[in-house]
Amino acid sequence: MGLSEVARLPRQIPYIIGNEACERFSFYGMRNILVQFLVSSVILAYVPETERQGVAKDVFHSFVIGVYFFPLLGGWLADRFFGKYNTVLWFSLIYCTGHACLALFESDRSGFYTGLFLIALGSGGIKPLVVSFCGDQFTSANKHLAKLVFDGFYWTINFGSFFASLLMPLLLRSLGPAVAFGIPGVLMFIATILFWLGRGQYVRVPPSHGTDPDAFFHVARTALLAQVPGKRRWGLLVASAGALLAMAMLSCWALQVGFGVAPAFWPQAFHFVITACLALGTLIAFGGIGVSMQLERARGLHPDAAVDGVRAVLRILIVFALTTPFWSLFDQKASTWVIQGKAMSIPHALWWWPSWLVQEAGQMQALNPLLIMLLIPFNNIVLYPVLRRLGYQPTPLRRMGWGIMFAGIAWVIAGLLQLQIDNGVPTSLAWQTWPYLLLTFGEVLVSATALEFAYSQATAGMKGVIMAFWYLTSTFGSLWVLLTNVAVRNETVTARIASSGYSENAFLMFFFALFAFVAALAFAAYARTYPMQDNYRMA
């Protein structure tokens with residue numbers, strides 16, 4: 001095989017990239033107008049006007065939680081039964097149905113929420129698979145092209161997101177929700193067709209069908225259940241305690257909903273989404289700790305490579321957990337920052353402001369994908385080479401840690417802008433450019449890097465599932481937001497915020513900034529001990 005053949009970009013990649021660009025337009029097209037639609041729609045007519053913004057944020061972040069929870073289901077079905085291609089195709093059809101529901105049931109709460117559920121299911125189901133399916137098209141011979149494609153993949157995602165973020169708020173205002181939600185549905189149908197057209201050229205890694213005796217969960221189960229003479233199974237005890245605690249959480253919610261009674265310690269505001277996420281987090285945390293405590297007991301019953309692979313996955317999950325605060329900040333740009341922007345003045349008098357196009361505060365979200373399209377090539381062509389020449393290696397983990405830090409700085413600036421608004425100072429919407437710039441720079445460092453990191457760190461049989469765990473970080477990011485929203489409805493917390501002299505919005509912005517700074521320091525400390533892996537498929 002000649003060098004030119006080795007270095008050739010796989011012919012099927014354009015189908016995957018085109019699919020992702022259209023799918024991201026459809027997703028961000030509906031996502032970025034969701035809060036502003038809900039605040040003024042009949043969907044929330046039952047809510048007092050003073051509370052609609054808070055309820056709209058709860059609906060939005062509950063939807064985001066679903067979007068990033070269902071990758072667990074999609075990854076499991078693809079790895080165990082159907083393979084990535086079939087799973088992506090079928091979930092895409094569910095996705096299209098969800099968009100149709102939003103367009104048809106703009107005034108019907110049940111129909112609209114059904115559409116949100118189907119989009120969360122479809123979008124979440126394919127989310128961990130498209131990226132890893134793209135990675136499957138490469139071998140160790142041309143893996144040097146994979147980084148460029150992953151960056152290009154992320155660039156294309158934001159190409160679709162840019163136009164969606166810019167146009168959909170205008171279409172919502174001028175043509176109404178049926179059209180504004182219908183157009184993303186058409187784009188999702190086109191995305192499905194594009195993906196189907198490449199069916200004859202894809203490399204399809206077959207699913208495991210659960211037959212691998214050394215798969216992650218089999219090794220983990222062996223580690224927990226294996227008995228060693230003279231030694232207690234403390235790891236099994238920890239994992240069991242986590243399972244019991246998760247069941248207790250779900251039971252408290254069930255008692256509260258079914259019978260109107262629950263233990264006094266259980267917050268009444270903890271609805272199903274919050275409870276289910278807390279239970280899932282408990283299972284993952286306690287189960288991971290328990291397996292880690294007894295993992296060496298699986299050695300000899302499973303190959304050393306399998307046991308070491310499980311150890312690597314557990315380390316990856318810690319990295320993922322430490323990024324969840326970043327997502328609690330990032331996803332609020334489509335809720336908290338949009339609401340803040342509506343309290344700011346649009347600077348039509350500025351000579352450089354594109355008044356002919358930017359007429360809604362929600363359109364500021366278009367800055368995020370636009371800046372990503374500029375920052376990704378800038379980082380690769382200018383920033384990273386300069387840092388290397390200066391003797392600083394911008395490794396994936398270093399980039400991710402700095403990304404969390406920059407997100408915190410963005411929220412400090414957003415908090416300062418909120419203080420101006422609260423003090424009655426006329427504040428131009430143009431000032432939101434700075435928080436968007438810093439948050440987007442942080443996103444490029446965290447999320448674009450993580451696509452490469454997650455694929456390279458996972459073993460062959462776990463690539464779909466480990467990608468699902470990566471996307472689950474956004475679920476827990478939105479969980480932090482929901483828990484914070486519950487806390488600020490508590491009279492004691494409200495009184496404490498009032499005594500600080502800040503408004504609730506400003507206080508929460510500074511709180512989330514501090515949250516990010518603490519997470520960045522913890523991430524940096526753990527990254528120093530993390531052993532990097534290389535798990536690309538052999539040629």
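In this predicted model, the largest cavity is lined by 25 residues, and those that lie nearest its centre are Arg24, Tyr28, Tyr68, Lys127 and Tyr471. The elements that each give two or more residues to this lining are the helices α2 (13-40), α5 (109-136), α6 (144-175), α11 (304-330), α15 (433-457) and α16 (463-487). By class, the lining of the largest cavity is made up of 13 nonpolar, five polar and seven charged residues, and the space it holds comes to about 340 Å³. In total, three cavities of 30 Å³ or more are counted in the model.

The second largest cavity holds about 70 Å³ of space. Of the 10 residues that line the second largest cavity, Asp151, Asn380, Tyr384, Arg399 and Val444 are the closest to its centre. Two or more residues of this lining are given by each of α6, α13 (367-389) and α15, and the largest share, four residues, comes from α13. The classes in the lining of the second largest cavity are four nonpolar, three polar and three charged residues.

| Cavity | Volume | Lining residues | Classes in the lining |
|---|---|---|---|
| Largest | about 340 Å³ | 25 residues | 13 nonpolar, five polar, seven charged |

The crossing in which α10 passes α11 is left-handed. On the α10 side, the residues in contact are Gly288, Val291 and Ser292, which meet Val310, Arg311 and Leu314 in α11. Taken by class, the residues of this contact are three nonpolar, two polar and one charged.

The last topic is helix α17 (residues 491-499), at the start of which a side-chain oxygen of Asn490 reaches to within 2.8 Å of the backbone nitrogen of Thr492. Which residue with a positive phi follows α17? The residue is Gly501, and its phi is near 90 degrees.

Methods
Residues are numbered from 1 along each chain as its sequence is written. This is a predicted model: local features need pLDDT of at least 70, side-chain atom pairs count only at pLDDT 80 or more; totals for chains, interfaces and linings use all residues. Side-chain values use heavy atoms; hydrogens and water are left out. On a 1 Å grid over the protein atoms alone, a cavity is a set of points where a 1.4 Å probe fits but cannot get out, and a pocket is an open set with protein on both sides within 12 Å along at least five of seven lines; lining residues have an atom within 4 Å of a point. Grid points are joined across faces, edges and corners, and a volume is the space filled by probe spheres set on the points. Ala, Val, Leu, Ile, Met, Phe, Trp, Tyr, Cys and Pro count as nonpolar, Asp, Glu, Lys and Arg as charged, and the others, Gly among them, as polar. A polar contact is a pair of N or O atoms within 3.5 Å; within protein, one must be able to donate a hydrogen and the other to accept it, and residues adjacent in sequence count only if both atoms are side-chain atoms. A crossing is left-handed if the near helix is turned anticlockwise from the far one by less than a right angle, and right-handed if clockwise. Contact means heavy atoms within 4.5 Å.
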